[in-house]
Amino acid sequence: MPRFSIIVPCFKVQGFLRECLDSLLTQSYRDFEVIAVDDRSPDGCGAILDEFAARDARVRVLHLPENVGLGRARNAGMPHATGDYLFFLDSDDTLTPGALRASADRLAEAGDPDVLVFDYARTHWWGGTRRNALAHILADVGDGTFTAAEHPEILDLLMVVWNKVYRRDFVEENGFAFPPGYYEDTPWTFPVMLSARRIATLDRICLNYRQRRQGNILSTTSRKHFDIHDQYERVFTFVGSRPELDGWRPYLHRKMGEHCLDILAKPDRLPPSDKGEFFRRTVEMFRAYRPAGEPVPAELKVLEGSWAAYRMRRQGGRAGRELLRRGGLVRRAAGGRVRRAADAVSARRPLDPRLVVYSAFSHRGVLGDPGAVYRKAREIAPQLRGVWVVRDEETAAGLPDDVERVLLDSPEYRRLTARAGFFVNNVNWPGTLAKRPGSVHVHTHQGTPLKYMAADLLERPGGRFGVDVPQMLRRADRWDFSLVANRHSELVWERAYPCHFASARTGSPRNDVLVTADARATAAARARLGVPDGRTVVLYAPTRREYVRGGHAERIDLVRFAADLGEDHTLVVRLHPSLANGPARGAGLADLHRRGVLIDATDEPHVEEVMLASDVLVTDYSALMFDYANLDRPIVVHADDWNAYTASRGTYFDITAEAPGQVSRSYRELAWLLASGGWRDEDSTRLRTAFRRRFCAYDDGRAAERVVRQLLLGEDPGEPSPATVPGPAAGHDLLAST
């Protein structure tokens with residue numbers, strides 16, 4: 001008996017069907033059967049299904065004698081299912097790699113629940129991918145099983161059939177089946193979810209939900225959308241047959257009203273001549289099933305009135321929104337005049353040479369180089385007043401009480417930035433911030449550049465997609481100092497940012513903790529991450545890819561990687577910050593962290609501590625390697641797509657030829673390096689030593705102090721360690737010792 005019976009109904013999807021079936025048959029987990037139902041499709045679907053069945057014994061094809069529609073095609077497949085769990089996969093959607101393995105593991109962990117709900121991502125026809133906005137619910141409900149009554153928020157997720165798997169015995173015992181017509185998921189999903197005694201969740205994107213440009217049934221203008229009323233009739237009939245579910249009537253009544261009004265409001269669903277009839281039918285149902293004594297929510301009160309009143313309200317709403325828009329424009333214009341007047345007053349006040357305004361990573365808190373400079377200034381220059389610019393109230397609330405902060409674009413922000421003597425940031429300040437003569441802007445950057453940056457991207461149209469290079473350079477015109485950790489960075493920044501600044505050979509302040517780290521710092525960092533004692537810690541830090549829309553390219557199977565490392569190793573994963581909140585994060589990382597397969601350190605605010613906790617760094621082309629080299633610990637460069645990466649983004653040198661350690665060109669090579677010990681052999685040490693000499697030249701543990709003393713206080717902080725620093729460059733370097 002297989003673990004999964006995957007039922008795939010097919011109708012007019014020949015262009016997508018092969019991709020769907022390939023996503024199934026290439027899964028690493030193989031204990032499943034596919035029941036493909038040809039719903040009398042007039043195109044080539046039937047032949048494609050027969051072709052796959054001939055190649056793979058797990059595929060069985062059922063050819064229906066007539067077209068019956070999506071729901072009844074699923075019904076036709078169910079009697080042929082022999083698996084423990086039913087999985088209904090639409091034939092234009094695809095499973096993500098590892099989805100079935102993750103689902104099987106979670107089912108076993110949860111003790112075979114009635115229903116398992118998993119995450120999905122919308123994949124748009126134009127190439128964009130968007131994760132389910134309510135994915136957090138899957139993690140919030142916890143690791144155990146529950147009922148809908150215990151966690152009703154589970155019903156806020158998209159109520160469809162394909163983001164769940166169902167215990168077959170549970171389905172058969174309750175006689176669940178799909179009705180004919182549109183919206184057939186509604187009278188399946190509500191009864192199933194309300195009846196289930198044990199529901200579990202999987203916080204992992206297991207399915208890519210294709211958003212087709214055309215051909216989506218529910219986006220077709222038709223009277224078939226009237227089917228929604230019949231489907232909710234079936235839901236209320238089911239609840240009426242189960243007295244224990246009677247308490248759900250108010251909830252379902254509200255959902256029915258919201259769902260029908262949503263259909264009515266969409267311009268592409270109903271023919272205009274039928275909208276009045278649809279409204280009146282909805283009103284009849286709303287009245288018929290309204291629970292006695294239940295108040296009507298404000299947003300549904302339109303269903304107590306007439307079609308004419310609803311139309312007037314809709315038209316009035318549009319008119320009101322237009323008035324609000326115009327009023328907002330007027331208010332913003334007036335507010336702009338007031339702000340400009342206030343800013344003009346502030347600009348006439350003298351600069352405060354003791355006021356330093358800080359920001360990091362687009363106003364996300366006390367982080368990175370600016371954070372290190374701020375902490376050192378508090379230690380050795382308490383006379384300086386440091387104020388942090390933060391993006392929102394939530395970020396402000398997360399800062400320690402003794403850290404002075406101001407919200408971006410607030411009146412206080414404008415007053416402070418108009419008078420500040422110094423600005424320290426690792427991302428360009430907003431264009432609205434005007435640089436006053438006499439103020440000093442210190443730009444710290446975010447690491448040593450490998451890939452093309454700023455003006456160099458003008459030669460790379462793919463690499464600069466979404467990047468306004470001229471605006472970037474206009475903002476960089478405000479820089480007075482550009483911090484560098486090595487001669488390479490100095491040359492690159494002066495080329496990539498042809499602006500009027502001086503290169504400051506200070507080293508990277510955030511790397512001071514790496515240069516001065518000892519065994520106690522490493523032990524403390526491991527304890528914070530929850531690394532068991534005695535483990536070898538492998539840090540995997542992939543960067544984004546410009547040749548993939550969204551930036552995420554899944555180069556390594558993390559489950560396999562963790563297993564190949566062995567039980568005496570701990571795999572720590574840190575995604576590029578730009579990928580932290582997108583589909584890349586939901587493609588199994590959160591679930592693997594929860595299950596203890598690996599540690600997801602993507603959200604750790606201080607990447608320096610993540611580096612401290614590790615024994616070896618495995619990366620591709622991330623700038624993290626330049627910082628990590630300060631630890632003098634092994635680095636492996638996994639360059640399996642180096643040619644594609646350099647062709648799309650461009651790099652300043654060949655990291656595979658001038659690597660900080662061993663280089664792997666395939667996963668097999670990577671696994672061999674880690675298993676054989678090649679990652680820390682003599683050759684690796686030799687390469688790392690040369691790399692450190694070149695790229696950590698100015699990092700001596702005193703970078704933050706050097707910035708504070710020379711750039712903020714005007715003192716002579718002394719030069720970086722003479723044992724590692726090359727001779728000073730001529731002219732442009734204001735920090736070269738005299």
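Exposed means over 50% relative accessible area, buried under 20%, and partly exposed in between, with a 1.4 Å probe and protein chains only. Helices (H or I, at least four residues) and strands (E, at least two) are DSSP runs, numbered from the N terminus.

This is a predicted model: local features need pLDDT of at least 70, side-chain atom pairs count only at pLDDT 80 or more, and totals for chains, interfaces and linings use all residues. Residues are numbered from 1 along each chain as its sequence is written, and side-chain values use heavy atoms, with hydrogens and water left out.

**The helix**

Which residues of α26 are buried? They are S684, R688, F691 and F695. Seen down the axis of α26, these buried residues fall within an arc of 65°, so they line one face of the helix. The arc is taken from the directions that run from the helix axis to the C-beta atoms. An α-helix has 3.6 residues a turn, so residues three or four places apart point the same way. The buried residues of α26 pack against α16 (487-496), α23 (624-628) and β22 (662-664).

Helix α26 has 14 residues, 682-695, and should span 20 Å at 1.5 Å a residue; its end C-alpha atoms are 20 Å apart, which agrees. The expected span is 1.5 Å times one less than the number of residues. At the start of α26, a side-chain oxygen of D681 comes to within 3.3 Å of the backbone nitrogen of D683.

**Strands**

Strand β22 also belongs to an open sheet of six strands, in the order β19-β18-β17-β20-β21-β22, with parallel pairing. The edge strands are β19 (599-600) and β22, and each pairs on one side only. Two strands pair if DSSP finds at least two bridges between them.

| Strand pair | Bridges | Direction | Facing residues |
|---|---|---|---|
| β18 (569-573) and β19 | two | parallel | V573 and D600 |
| β13 (420-425) and β14 | four | parallel | F422 and V440 |
| β14 and β15 (481-483) | two | parallel | H443 and S482 |

Strand β14 covers residues 440-443. V440 and V442 point one way from β14, while H441 and H443 point the other way. All of these residues are buried.

**Two loop residues**

Is S508 buried or exposed? S508 is buried, with a relative accessible area of 9%. S508 sits in the loop between β16 (502-504) and α17 (512-515). Beyond its neighbours within four places in sequence, S508 is in contact (heavy atoms within 4.5 Å) with D369, A485, D699 and A703.

R223 lies in the loop between β9 (199-211) and α8 (227-241). At 40% relative accessibility, R223 counts as partly exposed. Beyond its neighbours within four places in sequence, R223 touches P271, D274 and E277. A polar contact of 3.1 Å joins the side chains of R223 and D274. Such a contact is a pair of N or O atoms within 3.5 Å; within protein, one must be able to donate a hydrogen and the other to accept it, and residues adjacent in sequence count only if both atoms are side-chain atoms. R223 and R269 are 46 residues apart in sequence and 8.3 Å apart in space, C-alpha to C-alpha.

**The whole protein**

The protein has 27 helices and 22 strands. Of its 738 residues, 53% are buried. Among contacts with a separation of 6 or more, 73% join residues 24 or more positions apart. The average pLDDT (the predictor's confidence in each residue, from 0 to 100) is 89, and 90% of the residues score at least 70. Over residues 722-738, pLDDT stays under 50. For that stretch, the model has 31 contacts beyond four places in sequence.
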